[in-house]
Amino acid sequence: MKKLLLIASLSMALPAMAQTVATVNGQPISQAELDFTLKAVGIQSANEEQRKALLDEVINRDVLAQEAVKQGLDKQEIVKMNIESTRKEILIASLIQDWAEKNPVTDTDIKKAYDQSLTEFKQAKEYKVSHILVKEEDKAKQLIADIKAKKISFEEAAKKDSLDPGSGRDGGDLGWSDPSAYVPEFADAVRKAKKGEITEPVQSQYGYHIILVTDDRSVAPPSFDSSQAEIKQRLSREKLMDYVQKLRKDAKVEITETK
């Protein structure tokens, strides 16, 4: 029912047609409105039974809508705001669809963006990282000293003292990953670390990390074919945001709220 009520607001924009399939208290339901509603619920080629069932729903919708108006609910501020909000949503969706059709992302745009990404991938690396997370810096320093003195291994210290239960169970092992997956402080330390050497304590929002990078490897770029869909989606979003920002810049906006 909720979906049909939304469809009702959409169908209000349809032009009046001569052919009428039903009336509700003298108000017509047009053939065009019924066809539109069928398509809106995903029925492209309806059989007779489907048409009758949906027409019955449309009639129920109009009966309810007319009763709401009869009771004066359309005059309530909250209802008027909801109607206006829905109207704006329909207009915005129509504007975006129309703009996107007139301003498509071209194959040339996609290829250019892919070629630019290859430059970034030439420098991209993944790192095999382990860490031990503790709350206090002094605790981190003591563990580092013990590991370097071979009083305890890195893996044993992680299992015993790390506050990260997931990696702690695995001796601190975080596996292979791009540093950008980590918080900035951790990521910077990973990139600067020497393979096989533990770092000094690295503070983050989670506490103090002792980091061990055991290996690194270059990242092979994805193929053009496998990247096209994601690049097209990203460029479409960027173009749309540029369009919205331009409209906002050109609009005369006055904010009068004082709070």
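How many bridges join strand β1 to strand β2? Select residues 20-24 for β1 and residues 27-30 for β2: 4 bridges join these strands, which run antiparallel. Strands here are DSSP runs of E with at least two residues, helices are DSSP runs of H or I with at least four residues, and both are numbered from the N terminus. Two strands pair if DSSP finds at least two bridges between them.

Before going on, note that this is a predicted model, in which local features need pLDDT of at least 70 and side-chain atom pairs count only at pLDDT 80 or more, while totals for chains, interfaces and linings use all residues. Residues are numbered from 1 along each chain as its sequence is written, and side-chain values use heavy atoms, with hydrogens and water left out.

**Stop 1: the hairpin of β1 and β2**

Select Val24 and then Gln27 in β2, which is its bridge partner. Now click on Asn25, in the loop between β1 and β2. The hairpin has 2 residues between the strands. Phi of Asn25 is near 55 degrees, a positive value in a residue other than glycine. Is Asn25 buried or exposed? Asn25 is exposed, with a relative accessible area of 70%. Buried means under 20% relative accessible area, exposed means over 50%, and partly exposed is in between (1.4 Å probe, protein chains only).

Lys150 counts as exposed, at 75% relative accessibility.

**Stop 2**

Select helix α2 (residues 31-40) and helix α3 (residues 48-70). They pack at an angle of about 110 degrees, with their axes 10 Å apart. Axes are lines fitted to C-alpha atoms, for helices over the stretch in contact, and angles run from 0 to 180 degrees between N-to-C directions. α2 and α3 are therefore roughly perpendicular to each other; that term covers 65 to 115 degrees, while under 35 counts as roughly parallel, over 145 as roughly antiparallel and the rest as oblique. To see the contact (heavy atoms within 4.5 Å), show side chains including Leu34 and Leu38 of α2, and Leu54, Leu55 and Val58 of α3.

**Stop 3: the four-stranded sheet**

Which strands make up the open sheet, and in what order? The order of its 4 strands is β4-β3-β6-β5, with antiparallel pairing. β4 (173-177) and β5 (202-204) stand at the edges, each with a single partner strand, so one side of each has no neighbour in the sheet. From one strand to the next, the twist averages 40 degrees.

Select β3 (residues 125-134) and β6 (residues 207-218), which run antiparallel and are joined by 10 bridges. Lys125 stands opposite Ser218 in β6. Helix α7 packs on the sheet and touches β3 and β6; its direction makes about 50 degrees with that of β3.

Select His209 in β6: this residue is the bridge partner of Leu133 and also of Val202. β5 and β6 are joined by 3 bridges and run antiparallel. They form a hairpin with 2 residues between them.

**Stop 4: Val190**

Select Val190 in helix α9 (residues 184-192). Val190 counts as buried, at 0% relative accessibility. Leaving aside neighbours within four places in sequence, Val190 is in contact with Tyr127, Val129, Pro179, Tyr182, Ile211 and Val213. Val190 and Val129 are 61 residues apart in sequence, and their C-alpha atoms are 7.7 Å apart in space.

**Stop 5: aromatic rings**

The structure holds 3 aromatic pairs. Select Trp99 and Tyr243, a stacked pair, 4.9 Å centre to centre with 15 degrees between the planes. Trp99 lies in helix α4 (residues 77-102) and Tyr243 in helix α10 (residues 224-250), so the pair ties together parts that are 144 residues apart in sequence. Next, select Tyr114 and Phe224, an edge-to-face pair at 5.3 Å centre to centre, with 70 degrees between the planes. Rings of Phe, Tyr and Trp (its six-membered ring) pair if their centres lie within 6.5 Å; planes under 30 degrees apart count as stacked, over 60 as edge-to-face and the rest as tilted. Tyr114 is buried at 11% relative accessibility, and Phe224 is partly exposed at 23%.
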